Amino acid sequence: MIPGVISTGSSPTPSRLVESWGTGDKSRPYFRKRLWGSWSMLRAMVTDRATWKAHVMLDKESGLDPPGIKLRAAQGFDATDFFLTGYWLWSKIIENLASIGYDPTSAYTASYDWRLAYQNLELRDRYFSRLKNYIETAAKLSDKKVVLVAHSMGSQVAHYFFKWVEAEGYGNGGPKWVEDNIEAFINISGCMLGAVKGVPAVLSGEMKDTAQLNRFAVYGLEKFFSREDRAEIMRAMPGISSMLPKGGNAVWGNLTWAPDDLPSQSISNGAFIKFTKGNYTEAHANLSMSESLDYLLDNSGSWFYNMIRQSYSHGVALSSAEVEANEKIPQKWVNPLESRLPLAPSLKIYCFYGIGKPTERSYYFYENKDPLSQLNVSIDTAVSGEGSDRGVITAEGDGTVSLLSAGYMCVKGWRLKRFNPAGVKIKTYEMPHQPEMFDIRGGPNTGDHVDILGRQKLNELILRVAAGDGDSISENIESDIVAISEKVKVYDD
(Lines give C-alpha, C1' and ligand atoms only; values in the text may rest on other atoms or scores of the structure.)
Protein backbone atom coordinates (compact mmCIF):
# COMPACT_ATOMS: atom_id res chain seq x y z
CA MET A 1 0.00 0.00 0.00
CA ILE A 2 1.39 3.38 -1.09
CA PRO A 3 -0.46 6.17 0.75
CA GLY A 4 -1.52 9.47 -0.76
CA VAL A 5 -2.34 13.06 0.08
CA ILE A 6 -5.63 14.07 1.64
CA SER A 7 -7.24 17.48 1.97
CA THR A 8 -8.29 18.85 5.33
CA GLY A 9 -8.79 22.48 6.23
CA SER A 10 -6.70 25.02 4.39
CA SER A 11 -3.85 22.95 3.01
CA PRO A 12 -3.07 19.60 1.41
CA THR A 13 -2.47 17.27 4.34
CA PRO A 14 -0.57 14.05 3.69
CA SER A 15 -1.81 10.82 5.15
CA ARG A 16 1.67 9.75 6.14
CA LEU A 17 2.90 11.00 9.46
CA VAL A 18 6.32 12.63 9.71
CA GLU A 19 8.22 12.45 12.98
CA SER A 20 11.35 14.19 14.27
CA TRP A 21 14.59 12.25 14.70
CA GLY A 22 16.80 15.28 15.30
CA THR A 23 18.80 15.50 18.54
CA GLY A 24 19.90 19.14 18.37
CA ASP A 25 18.79 21.71 20.91
CA LYS A 26 15.80 22.86 18.83
CA SER A 27 14.73 19.34 17.91
CA ARG A 28 15.24 17.51 21.21
CA PRO A 29 11.83 18.47 22.71
CA TYR A 30 10.18 16.90 19.67
CA PHE A 31 12.26 13.71 19.43
CA ARG A 32 10.06 11.01 17.87
CA LYS A 33 7.08 13.34 18.08
CA ARG A 34 5.01 13.45 14.92
CA LEU A 35 5.26 16.98 13.59
CA TRP A 36 2.73 16.32 10.84
CA GLY A 37 -0.42 14.31 11.38
CA SER A 38 -0.80 14.29 15.16
CA TRP A 39 -1.80 16.30 18.19
CA SER A 40 1.92 17.01 18.67
CA MET A 41 1.79 18.88 15.37
CA LEU A 42 -1.13 21.03 16.51
CA ARG A 43 0.51 21.72 19.85
CA ALA A 44 3.80 22.75 18.21
CA MET A 45 2.02 24.95 15.67
CA VAL A 46 0.27 26.85 18.47
CA THR A 47 3.03 27.08 21.09
CA ASP A 48 6.19 27.25 18.96
CA ARG A 49 5.16 28.20 15.44
CA ALA A 50 8.58 29.36 14.23
CA THR A 51 10.30 26.13 15.33
CA TRP A 52 7.56 23.98 13.80
CA LYS A 53 7.82 25.86 10.49
CA ALA A 54 11.62 25.50 10.46
CA HIS A 55 11.26 21.76 11.00
CA VAL A 56 8.68 20.96 8.31
CA MET A 57 10.35 23.01 5.56
CA LEU A 58 13.18 21.44 3.58
CA ASP A 59 16.36 23.28 2.67
CA LYS A 60 15.47 25.54 -0.25
CA GLU A 61 18.63 24.91 -2.23
CA SER A 62 19.22 21.18 -1.74
CA GLY A 63 15.63 20.05 -1.15
CA LEU A 64 16.97 17.89 1.70
CA ASP A 65 17.15 18.25 5.50
CA PRO A 66 18.04 21.72 6.81
CA PRO A 67 21.16 21.76 9.03
CA GLY A 68 20.48 20.22 12.44
CA ILE A 69 16.95 19.02 11.57
CA LYS A 70 15.91 15.47 10.73
CA LEU A 71 12.31 14.47 9.97
CA ARG A 72 11.44 11.03 8.67
CA ALA A 73 8.29 9.23 7.59
CA ALA A 74 6.76 7.10 10.33
CA GLN A 75 6.63 3.45 9.34
CA GLY A 76 4.20 0.56 9.68
CA PHE A 77 0.42 0.34 9.64
CA ASP A 78 0.18 2.96 12.39
CA ALA A 79 1.53 5.53 9.94
CA THR A 80 -1.42 5.12 7.58
CA ASP A 81 -4.49 3.80 9.38
CA PHE A 82 -5.44 7.08 11.11
CA PHE A 83 -4.52 10.74 10.58
CA LEU A 84 -5.69 11.93 13.99
CA THR A 85 -7.54 9.93 16.63
CA GLY A 86 -10.92 8.98 15.19
CA TYR A 87 -10.06 10.20 11.67
CA TRP A 88 -9.51 6.92 9.80
CA LEU A 89 -7.63 6.63 6.54
CA TRP A 90 -6.50 3.11 5.56
CA SER A 91 -7.77 1.36 8.69
CA LYS A 92 -10.93 -0.02 7.05
CA ILE A 93 -8.99 -1.36 4.06
CA ILE A 94 -6.40 -2.98 6.35
CA GLU A 95 -9.14 -4.57 8.46
CA ASN A 96 -10.92 -5.91 5.39
CA LEU A 97 -7.67 -7.32 3.96
CA ALA A 98 -7.16 -9.10 7.28
CA SER A 99 -10.55 -10.77 6.85
CA ILE A 100 -9.26 -12.64 3.77
CA GLY A 101 -5.99 -13.66 5.37
CA TYR A 102 -3.59 -10.74 4.98
CA ASP A 103 -1.41 -9.82 7.96
CA PRO A 104 1.94 -8.06 8.62
CA THR A 105 3.80 -10.93 6.96
CA SER A 106 1.96 -10.50 3.66
CA ALA A 107 0.92 -6.82 3.65
CA TYR A 108 3.16 -3.76 3.76
CA THR A 109 2.64 -0.01 3.86
CA ALA A 110 5.30 1.85 1.90
CA SER A 111 5.26 5.17 3.79
CA TYR A 112 7.48 7.95 2.51
CA ASP A 113 8.40 11.55 3.25
CA TRP A 114 5.91 13.31 0.97
CA ARG A 115 7.87 16.58 1.26
CA LEU A 116 10.76 15.29 -0.86
CA ALA A 117 11.04 15.47 -4.64
CA TYR A 118 10.93 11.92 -5.98
CA GLN A 119 14.62 11.78 -6.90
CA ASN A 120 15.48 12.84 -3.35
CA LEU A 121 13.30 10.09 -1.89
CA GLU A 122 15.88 7.68 -3.23
CA LEU A 123 18.91 9.89 -2.62
CA ARG A 124 18.18 10.47 1.08
CA ASP A 125 16.02 7.53 2.18
CA ARG A 126 16.67 4.84 -0.47
CA TYR A 127 12.88 4.64 -0.63
CA PHE A 128 12.59 2.99 -4.03
CA SER A 129 15.43 0.56 -3.30
CA ARG A 130 13.64 -0.54 -0.13
CA LEU A 131 10.33 -0.91 -1.97
CA LYS A 132 12.01 -2.97 -4.72
CA ASN A 133 13.64 -5.27 -2.17
CA TYR A 134 10.41 -5.78 -0.25
CA ILE A 135 8.45 -6.64 -3.40
CA GLU A 136 11.11 -9.08 -4.62
CA THR A 137 11.21 -10.79 -1.22
CA ALA A 138 7.43 -11.00 -0.94
CA ALA A 139 7.11 -12.43 -4.46
CA LYS A 140 9.83 -15.00 -3.82
CA LEU A 141 8.49 -16.17 -0.44
CA SER A 142 4.87 -16.44 -1.58
CA ASP A 143 5.62 -17.56 -5.12
CA LYS A 144 3.03 -15.02 -6.21
CA LYS A 145 3.30 -11.62 -7.79
CA VAL A 146 2.47 -8.53 -5.73
CA VAL A 147 -0.57 -6.23 -5.86
CA LEU A 148 0.23 -2.52 -5.43
CA VAL A 149 -2.57 -0.37 -3.97
CA ALA A 150 -1.96 3.38 -4.19
CA HIS A 151 -4.04 6.45 -3.37
CA SER A 152 -3.81 10.01 -4.73
CA MET A 153 -0.16 11.14 -4.82
CA GLY A 154 0.79 7.52 -4.11
CA SER A 155 -0.37 6.59 -7.63
CA GLN A 156 2.16 9.04 -9.05
CA VAL A 157 4.83 7.54 -6.80
CA ALA A 158 3.93 4.07 -8.11
CA HIS A 159 4.20 5.23 -11.74
CA TYR A 160 7.60 6.79 -11.04
CA PHE A 161 8.68 3.57 -9.30
CA PHE A 162 7.79 1.52 -12.39
CA LYS A 163 10.22 3.64 -14.39
CA TRP A 164 12.95 3.81 -11.73
CA VAL A 165 12.99 0.11 -10.91
CA GLU A 166 13.67 -0.98 -14.48
CA ALA A 167 16.11 1.77 -15.47
CA GLU A 168 19.81 1.05 -15.87
CA GLY A 169 21.81 3.02 -13.33
CA TYR A 170 18.78 3.35 -11.02
CA GLY A 171 16.82 0.25 -9.96
CA ASN A 172 18.64 -1.94 -12.51
CA GLY A 173 15.70 -4.35 -12.60
CA GLY A 174 15.66 -4.57 -16.38
CA PRO A 175 12.69 -4.45 -18.78
CA LYS A 176 10.96 -7.54 -17.32
CA TRP A 177 11.03 -6.61 -13.63
CA VAL A 178 7.43 -5.36 -13.43
CA GLU A 179 6.18 -8.28 -15.53
CA ASP A 180 7.93 -10.72 -13.18
CA ASN A 181 6.96 -9.10 -9.87
CA ILE A 182 3.72 -7.06 -10.12
CA GLU A 183 0.34 -8.71 -10.65
CA ALA A 184 -1.83 -5.60 -10.48
CA PHE A 185 -1.75 -1.88 -9.76
CA ILE A 186 -4.85 -0.49 -8.03
CA ASN A 187 -4.98 3.26 -8.66
CA ILE A 188 -7.39 4.88 -6.16
CA SER A 189 -8.26 8.53 -6.90
CA GLY A 190 -4.88 8.95 -8.54
CA CYS A 191 -3.97 12.49 -9.55
CA MET A 192 -2.16 11.12 -12.60
CA LEU A 193 -2.28 14.50 -14.38
CA GLY A 194 -1.94 16.56 -11.21
CA ALA A 195 -4.23 18.45 -8.87
CA VAL A 196 -5.37 21.91 -9.97
CA LYS A 197 -5.54 23.20 -6.40
CA GLY A 198 -1.78 22.82 -6.11
CA VAL A 199 -1.21 25.88 -8.31
CA PRO A 200 -2.80 28.53 -6.04
CA ALA A 201 -1.41 26.72 -2.98
CA VAL A 202 2.18 27.46 -4.05
CA LEU A 203 1.41 30.65 -6.01
CA SER A 204 -0.48 32.59 -3.34
CA GLY A 205 -0.90 30.29 -0.33
CA GLU A 206 -4.61 29.88 -1.08
CA MET A 207 -7.20 27.46 -2.44
CA LYS A 208 -10.95 27.00 -2.24
CA ASP A 209 -10.91 26.23 1.49
CA THR A 210 -9.27 29.55 2.38
CA ALA A 211 -10.89 31.68 -0.33
CA GLN A 212 -14.37 30.79 0.89
CA LEU A 213 -13.80 31.44 4.60
CA ASN A 214 -15.73 34.30 6.17
CA ARG A 215 -13.86 37.50 7.02
CA PHE A 216 -13.48 36.69 10.71
CA ALA A 217 -12.00 33.27 9.92
CA VAL A 218 -9.65 34.80 7.31
CA TYR A 219 -8.46 37.36 9.86
CA GLY A 220 -7.69 34.60 12.39
CA LEU A 221 -5.94 32.46 9.80
CA GLU A 222 -3.79 35.34 8.59
CA LYS A 223 -2.75 36.16 12.16
CA PHE A 224 -1.78 32.54 12.74
CA PHE A 225 -0.27 31.63 9.35
CA SER A 226 -0.21 34.34 6.71
CA ARG A 227 -0.53 33.66 3.00
CA GLU A 228 3.20 34.29 2.72
CA ASP A 229 3.87 31.64 5.38
CA ARG A 230 1.61 29.11 3.71
CA ALA A 231 3.05 29.67 0.23
CA GLU A 232 6.62 29.48 1.54
CA ILE A 233 5.94 26.21 3.39
CA MET A 234 4.29 24.66 0.32
CA ARG A 235 7.13 25.69 -1.97
CA ALA A 236 9.70 24.28 0.45
CA MET A 237 8.01 20.87 0.17
CA PRO A 238 8.84 20.02 -3.46
CA GLY A 239 7.07 16.68 -3.21
CA ILE A 240 3.78 18.60 -3.08
CA SER A 241 4.70 20.26 -6.39
CA SER A 242 4.84 16.85 -8.05
CA MET A 243 1.08 17.33 -8.34
CA LEU A 244 1.22 20.49 -10.43
CA PRO A 245 -0.98 19.80 -13.51
CA LYS A 246 0.56 17.90 -16.43
CA GLY A 247 -0.23 17.96 -20.11
CA GLY A 248 -0.39 21.73 -20.57
CA ASN A 249 -2.91 23.23 -22.96
CA ALA A 250 -3.38 19.95 -24.85
CA VAL A 251 -5.13 18.54 -21.77
CA TRP A 252 -6.38 21.57 -19.88
CA GLY A 253 -7.35 23.83 -22.80
CA ASN A 254 -6.50 27.30 -24.05
CA LEU A 255 -8.06 30.69 -23.35
CA THR A 256 -11.21 29.91 -25.34
CA TRP A 257 -11.60 26.14 -25.11
CA ALA A 258 -11.20 23.17 -22.76
CA PRO A 259 -12.26 19.53 -23.22
CA ASP A 260 -14.44 19.63 -20.10
CA ASP A 261 -16.26 22.88 -20.93
CA LEU A 262 -20.03 22.61 -20.54
CA PRO A 263 -22.35 23.94 -23.28
CA SER A 264 -23.76 26.48 -20.81
CA GLN A 265 -20.36 27.99 -19.92
CA SER A 266 -19.71 31.55 -21.04
CA ILE A 267 -16.04 31.49 -19.99
CA SER A 268 -13.86 28.47 -20.78
CA ASN A 269 -12.15 26.37 -18.13
CA GLY A 270 -9.09 26.71 -20.34
CA ALA A 271 -8.62 30.25 -19.07
CA PHE A 272 -7.15 28.79 -15.90
CA ILE A 273 -6.24 32.09 -14.23
CA LYS A 274 -8.59 34.92 -15.08
CA PHE A 275 -7.27 38.27 -13.88
CA THR A 276 -9.47 41.07 -12.64
CA LYS A 277 -8.32 44.66 -12.23
CA GLY A 278 -7.59 44.56 -8.52
CA ASN A 279 -5.97 47.89 -7.68
CA TYR A 280 -4.68 48.37 -11.24
CA THR A 281 -6.39 50.24 -14.05
CA GLU A 282 -5.57 47.38 -16.43
CA ALA A 283 -5.86 43.69 -15.56
CA HIS A 284 -3.12 41.22 -16.42
CA ALA A 285 -3.98 39.07 -19.44
CA ASN A 286 -5.68 35.76 -18.67
CA LEU A 287 -3.48 32.67 -18.56
CA SER A 288 -3.90 29.13 -19.85
CA MET A 289 -2.56 26.21 -17.81
CA SER A 290 0.85 26.26 -19.53
CA GLU A 291 1.10 30.01 -19.09
CA SER A 292 -0.01 29.74 -15.46
CA LEU A 293 2.81 27.33 -14.63
CA ASP A 294 5.31 29.66 -16.29
CA TYR A 295 3.84 32.57 -14.33
CA LEU A 296 4.13 30.57 -11.10
CA LEU A 297 7.77 29.69 -11.69
CA ASP A 298 8.66 33.22 -12.76
CA ASN A 299 7.14 34.68 -9.58
CA SER A 300 8.29 32.18 -6.94
CA GLY A 301 12.02 32.68 -6.51
CA SER A 302 14.97 31.10 -8.31
CA TRP A 303 15.36 28.29 -5.76
CA PHE A 304 11.79 27.09 -6.39
CA TYR A 305 12.18 27.46 -10.15
CA ASN A 306 15.36 25.39 -10.15
CA MET A 307 13.92 22.70 -7.86
CA ILE A 308 10.82 22.18 -10.03
CA ARG A 309 12.71 22.21 -13.34
CA GLN A 310 15.26 19.72 -12.00
CA SER A 311 12.58 17.39 -10.59
CA TYR A 312 9.53 17.40 -12.86
CA SER A 313 8.22 17.87 -16.38
CA HIS A 314 4.71 18.91 -17.41
CA GLY A 315 4.46 18.46 -21.17
CA VAL A 316 3.33 15.80 -23.65
CA ALA A 317 5.55 13.42 -25.64
CA LEU A 318 4.39 13.58 -29.25
CA SER A 319 5.90 10.35 -30.58
CA SER A 320 6.98 6.88 -29.53
CA ALA A 321 10.59 7.86 -30.22
CA GLU A 322 10.28 10.73 -27.77
CA VAL A 323 8.73 8.44 -25.14
CA GLU A 324 11.59 5.96 -25.51
CA ALA A 325 14.15 8.76 -25.19
CA ASN A 326 12.45 9.81 -21.95
CA GLU A 327 13.21 6.39 -20.44
CA LYS A 328 16.61 7.86 -19.53
CA ILE A 329 15.31 11.17 -18.13
CA PRO A 330 14.06 10.88 -14.49
CA GLN A 331 12.26 14.23 -14.62
CA LYS A 332 9.86 12.70 -17.16
CA TRP A 333 9.00 9.59 -15.13
CA VAL A 334 6.32 11.16 -12.94
CA ASN A 335 4.39 12.36 -16.01
CA PRO A 336 2.38 9.57 -17.72
CA LEU A 337 2.09 11.74 -20.84
CA GLU A 338 5.87 11.73 -21.27
CA SER A 339 6.69 8.17 -20.20
CA ARG A 340 5.19 4.79 -20.99
CA LEU A 341 3.84 1.98 -18.88
CA PRO A 342 6.18 -0.97 -18.29
CA LEU A 343 6.53 -3.67 -20.95
CA ALA A 344 4.40 -5.96 -18.80
CA PRO A 345 1.59 -7.49 -20.88
CA SER A 346 0.17 -9.47 -17.94
CA LEU A 347 0.02 -6.43 -15.62
CA LYS A 348 -3.48 -5.23 -14.79
CA ILE A 349 -4.34 -1.66 -13.82
CA TYR A 350 -7.56 -0.82 -11.98
CA CYS A 351 -8.66 2.82 -11.76
CA PHE A 352 -11.13 3.41 -8.93
CA TYR A 353 -12.22 7.00 -8.22
CA GLY A 354 -15.13 9.15 -7.11
CA ILE A 355 -17.19 11.59 -9.16
CA GLY A 356 -20.01 14.03 -8.56
CA LYS A 357 -18.35 16.40 -6.11
CA PRO A 358 -17.50 19.98 -7.19
CA THR A 359 -13.74 20.26 -7.63
CA GLU A 360 -11.50 23.28 -8.20
CA ARG A 361 -10.88 23.87 -11.89
CA SER A 362 -9.95 27.54 -12.47
CA TYR A 363 -9.66 30.85 -10.61
CA TYR A 364 -10.10 34.59 -10.63
CA PHE A 365 -6.99 36.39 -9.42
CA TYR A 366 -5.89 39.99 -9.08
CA GLU A 367 -2.39 41.36 -8.97
CA ASN A 368 -1.44 43.40 -5.94
CA LYS A 369 2.05 44.88 -5.98
CA ASP A 370 2.07 45.53 -2.23
CA PRO A 371 5.67 46.42 -1.27
CA LEU A 372 5.07 44.93 2.19
CA SER A 373 4.01 41.54 0.77
CA GLN A 374 6.17 38.82 -0.73
CA LEU A 375 3.21 37.67 -2.85
CA ASN A 376 1.94 39.73 -5.74
CA VAL A 377 -1.31 37.88 -6.50
CA SER A 378 -4.39 36.73 -4.62
CA ILE A 379 -7.67 34.98 -5.41
CA ASP A 380 -10.31 37.65 -6.05
CA THR A 381 -12.98 36.56 -3.58
CA ALA A 382 -15.26 39.39 -4.75
CA VAL A 383 -16.08 37.51 -7.96
CA SER A 384 -19.21 35.36 -7.72
CA GLY A 385 -21.72 34.25 -10.30
CA GLU A 386 -21.35 32.61 -13.74
CA GLY A 387 -19.89 29.52 -12.10
CA SER A 388 -17.59 31.35 -9.69
CA ASP A 389 -17.96 31.11 -5.93
CA ARG A 390 -15.73 33.79 -4.38
CA GLY A 391 -13.17 33.54 -7.14
CA VAL A 392 -13.13 29.75 -7.48
CA ILE A 393 -14.71 27.90 -10.43
CA THR A 394 -15.44 24.20 -9.94
CA ALA A 395 -16.05 21.28 -12.28
CA GLU A 396 -16.54 17.52 -12.08
CA GLY A 397 -14.30 15.55 -9.76
CA ASP A 398 -14.01 14.06 -6.27
CA GLY A 399 -13.60 17.33 -4.36
CA THR A 400 -9.79 17.30 -4.67
CA VAL A 401 -8.79 15.78 -8.02
CA SER A 402 -10.60 16.81 -11.19
CA LEU A 403 -12.20 14.24 -13.47
CA LEU A 404 -9.67 15.03 -16.22
CA SER A 405 -6.76 14.09 -13.97
CA ALA A 406 -8.33 11.02 -12.40
CA GLY A 407 -9.87 9.56 -15.53
CA TYR A 408 -8.08 10.59 -18.72
CA MET A 409 -5.14 8.18 -18.59
CA CYS A 410 -7.46 5.32 -17.61
CA VAL A 411 -10.01 5.65 -20.40
CA LYS A 412 -7.85 7.12 -23.18
CA GLY A 413 -4.20 8.01 -22.47
CA TRP A 414 -3.08 4.46 -21.62
CA ARG A 415 -4.98 3.16 -24.63
CA LEU A 416 -2.61 5.05 -26.96
CA LYS A 417 0.14 2.69 -28.09
CA ARG A 418 3.08 4.99 -27.31
CA PHE A 419 2.06 5.21 -23.64
CA ASN A 420 1.13 1.53 -23.37
CA PRO A 421 3.07 -0.42 -26.01
CA ALA A 422 2.65 -3.78 -24.23
CA GLY A 423 -1.14 -3.51 -24.11
CA VAL A 424 -1.49 -3.52 -20.31
CA LYS A 425 -5.17 -4.08 -19.48
CA ILE A 426 -6.94 -1.12 -17.83
CA LYS A 427 -10.30 -1.18 -16.05
CA THR A 428 -12.11 1.91 -14.75
CA TYR A 429 -14.74 1.95 -12.02
CA GLU A 430 -16.32 5.29 -11.12
CA MET A 431 -18.21 5.79 -7.86
CA PRO A 432 -20.71 8.67 -7.67
CA HIS A 433 -20.67 10.81 -4.54
CA GLN A 434 -23.85 9.91 -2.62
CA PRO A 435 -23.21 11.12 0.92
CA GLU A 436 -25.43 10.45 3.89
CA MET A 437 -26.76 13.67 5.35
CA PHE A 438 -25.78 13.11 8.98
CA ASP A 439 -22.43 11.36 8.47
CA ILE A 440 -19.51 13.82 8.48
CA ARG A 441 -17.39 11.31 6.50
CA GLY A 442 -20.12 10.78 3.91
CA GLY A 443 -21.19 7.27 4.81
CA PRO A 444 -20.76 4.03 2.82
CA ASN A 445 -21.41 5.62 -0.61
CA THR A 446 -19.20 8.69 -0.51
CA GLY A 447 -17.09 9.60 -3.52
CA ASP A 448 -14.96 12.13 -1.66
CA HIS A 449 -11.23 11.97 -2.44
CA VAL A 450 -10.27 10.83 1.07
CA ASP A 451 -13.45 9.38 2.52
CA ILE A 452 -13.74 6.99 -0.43
CA LEU A 453 -11.11 4.87 1.37
CA GLY A 454 -13.92 3.78 3.67
CA ARG A 455 -16.52 3.26 0.94
CA GLN A 456 -18.00 -0.23 0.96
CA LYS A 457 -17.82 -0.69 -2.81
CA LEU A 458 -14.19 0.40 -3.00
CA ASN A 459 -13.24 -2.03 -0.25
CA GLU A 460 -15.09 -4.82 -2.07
CA LEU A 461 -13.23 -4.05 -5.32
CA ILE A 462 -9.84 -4.00 -3.58
CA LEU A 463 -10.56 -7.35 -1.91
CA ARG A 464 -11.56 -8.92 -5.24
CA VAL A 465 -8.27 -7.86 -6.82
CA ALA A 466 -6.22 -8.85 -3.74
CA ALA A 467 -7.93 -12.26 -3.72
CA GLY A 468 -7.07 -12.85 -7.39
CA ASP A 469 -10.59 -12.25 -8.71
CA GLY A 470 -10.03 -8.90 -10.42
CA ASP A 471 -10.98 -10.26 -13.84
CA SER A 472 -14.60 -10.50 -12.67
CA ILE A 473 -14.81 -6.72 -12.18
CA SER A 474 -16.79 -4.98 -14.92
CA GLU A 475 -16.13 -1.38 -15.86
CA ASN A 476 -18.50 1.27 -14.52
CA ILE A 477 -18.28 4.70 -16.17
CA GLU A 478 -21.06 7.14 -15.24
CA SER A 479 -19.41 10.50 -16.00
CA ASP A 480 -18.66 12.12 -19.37
CA ILE A 481 -14.98 11.18 -19.13
CA VAL A 482 -14.96 9.18 -22.39
CA ALA A 483 -16.40 12.06 -24.42
CA ILE A 484 -14.16 14.56 -22.61
CA SER A 485 -11.08 12.43 -23.25
CA GLU A 486 -11.81 12.29 -26.97
CA LYS A 487 -11.57 16.09 -27.03
CA VAL A 488 -8.12 16.17 -25.38
CA LYS A 489 -5.57 17.14 -28.01
CA VAL A 490 -3.24 14.20 -27.51
CA TYR A 491 -3.17 11.80 -30.42
CA ASP A 492 -1.54 8.50 -31.31
CA ASP A 493 1.47 8.40 -33.63
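# A walk through a predicted protein chain

Hi everyone. Of the 493 residues in this protein chain, 58% count as buried, where buried means under 20% relative accessible area, exposed means over 50%, and partly exposed lies in between, using a 1.4 Å probe on protein chains only. This is a predicted model, and local features need pLDDT of at least 70, side-chain atom pairs count only at pLDDT 80 or more, while totals for chains, interfaces and linings use all residues. Residues are numbered from 1 along each chain as its sequence is written, and side-chain values use heavy atoms, with hydrogens and water left out.

How confident is the predictor? pLDDT is its confidence in each residue, from 0 to 100. The mean pLDDT of the protein chain is 87, and 84% of the residues reach 70 or more. Over residues 6–16, though, the pLDDT is below 50, and this stretch has 49 contacts in the model beyond near neighbours in sequence; a contact means heavy atoms within 4.5 Å. Residues 216–220 also stay under 50, with two contacts beyond four places in sequence.

Now the overall build. The chain has 18 helices and 14 strands; these are DSSP runs numbered from the N terminus, with helices being H or I of at least four residues and strands being E of at least two. Among contacts between residues at least 6 apart in sequence, 70% join residues at least 24 apart.

Helix α6, residues 153–166, has 14 residues and reaches 21 Å from its first C-alpha to its last, close to the 20 Å expected. That expected span is 1.5 Å times one less than the number of residues. And is α6 buried or exposed? Of its 14 residues, 14 are buried.

In α17, the buried residues are L458, N459, L461, I462, L463, V465 and A466. Their cover includes α3 (91–99), β6, β7, β9 and β14 (425–432). After α17 comes G468, with a positive phi near 85 degrees.

On to empty space. Rolling a probe the size of a water molecule over the atoms shows where empty space is left. Here we use a 1 Å grid over the protein atoms alone: a cavity is a set of points where a 1.4 Å probe fits but cannot get out, a pocket is an open set with protein on both sides within 12 Å along at least five of seven lines, and lining residues have an atom within 4 Å of a point.

The largest pocket holds about 790 Å³ of space. Of its 32 lining residues, the closest to the centre are Y102, S106, K145, V146 and V147. Which element gives the most to this lining? That is α5, with seven residues. By class, the lining has 21 nonpolar, six polar and five charged residues. Ala, Val, Leu, Ile, Met, Phe, Trp, Tyr, Cys and Pro count as nonpolar, Asp, Glu, Lys and Arg as charged, and the others, Gly among them, as polar.

The second largest cavity has about 40 Å³, a volume being the space filled by probe spheres set on grid points joined across faces, edges and corners. Its lining includes Y118, Q119 and Y160.

Last, two loop residues. T400 sits between β13 (392–395) and α16 (403–411), and counts as buried because its relative accessibility is 12%. N368, between β10 (359–367) and β11 (377–379), counts as partly exposed because its relative accessibility is 23%.

Terms used
pLDDT = per-residue confidence, 0-100.
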